[in-house]
Amino acid sequence: MTAGTLHIVGLGPGGVEHRTPAAARAVAEAEAVVGYASYVDACADLLHDRQRIVRGRMGEEDARADEALVLACEGARVALVSSGDAGVHGMAARTLARAAELDEHERPEIVVVPGVSAAQAAAAVAGAPLTDDFAVLSLSDLAMPWSRVEHRLRALAGSGLALALYNPRSSRRTEGLHRAVAILRAARPGATPVVLAHDVTRAGELVERTTLAGLDAERVTMRTVVLVAGDTAVDAGPWLVALRGAVPA
Ligand SMILES: C[S@@+](CC[C@H](N)C(=O)[O-])C[C@H]1O[C@@H](n2cnc3c(N)ncnc32)[C@H](O)[C@@H]1O
């Protein structure tokens, strides 16, 4: 093992108060901070001028993982930053997979620092819609063909599980969400509660309640996580809650 260390850090959903002390320490004590530019910006308050800062672009995730590993192999203390939890549609898996290819004696110490994921932060604003069983899906077809995304969604649509949909729609990927909503509408009642949570814990946070029938895909962006209630969800005053004992209608 080399003297370097690599912390793969989940920064949380955006708000500094939702970033863990362990994540903050890993970034502040790093000699090099590597990440997609807007995630580096999200921890700007922790950066200082003695650090090497590597700001990456969308679609260059493997290059970022490699750069972080190379710097750590050279002996640096490195923080590779992700939003939310690095293990939930973040940088952890691809980075560990690439690290596993290194000779064991050349591999730096690697620590995955967990963070608050967008679905958890969104659920907390809406109430407790993910308290019963739930599944997390990404609707992105960048790293997986859409046919596989759709296969998973169809399997889950009839399951009654609450769903958290990440990467639901971008300016380029607009069709997938329409197809996903059509699949869900065919399998679940139109009155199924849906939460559109935009920029949770960030400036401009907006959390909207709608239903599967009323869901307007145009309201959804890459900064939205979509929560589709499961079959044990009920309204409790202003909150949407999933009560495991609730009987499906
Ligand atoms: C590449 S994934 C990163 C997920 C992240 N690792 C996590 O655990 O939250 C990006 C997607 O996460 C969701 N997301 C991340 N942060 C969010 C936030 N603060 N508010 C709403 N959605 C968010 C959006 O669906 C976005 O398209």
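Ala32 has Val78 in S4 as its bridge partner. This is a predicted model.

**Strand S2 and its neighbours**

The strand S2 covers residues 32-36. S2 and S4 run parallel and are joined by 4 bridges. S2 also pairs with strand S3, residues 52-56, again in the parallel sense, over 5 bridges. In that pairing, Tyr36 stands opposite Gly56 of S3. Between S2 and S3 the chain passes through helix H2, residues 37-42. This β-α-β crossover is right-handed.

How many of the 5 residues of S2 are buried? The count is 4, so the strand is mostly covered, with buried meaning under 20% relative accessible area.

His89 is not a glycine, yet its phi is positive, about 50 degrees. Thr201 is not a glycine either, and its phi is about 70 degrees.

| Residue | Phi | Relative accessible area | Loop between |
|---|---|---|---|
| His89 | about 50 degrees | 48% | strand S4 (77-82) and helix H4 (92-100) |
| Thr201 | about 70 degrees | 16% | strand S9 (193-198) and strand S10 (206-211) |

Is Thr201 buried or exposed? Thr201 counts as buried, because its 16% relative accessibility lies under the 20% cut-off. His89 is partly exposed, because its 48% falls between the 20% and 50% limits.

Thr201 sits in a loop with a strand on either side, S9 and S10.

How values were computed: Residues numbered from 1 in each chain as written. Predicted model: local features only at pLDDT ≥ 70, side-chain atom pairs only at ≥ 80, totals over all residues. Heavy atoms only, no water. Helix = DSSP H or I, 4+ residues; strand = E, 2+ residues; numbered from the N terminus. Buried < 20%, exposed > 50% of the residue type's maximum accessible area, 1.4 Å probe, protein only. Pairing = 2+ DSSP bridges. Right-handed = clockwise from strand over helix to strand, strands pointing away.
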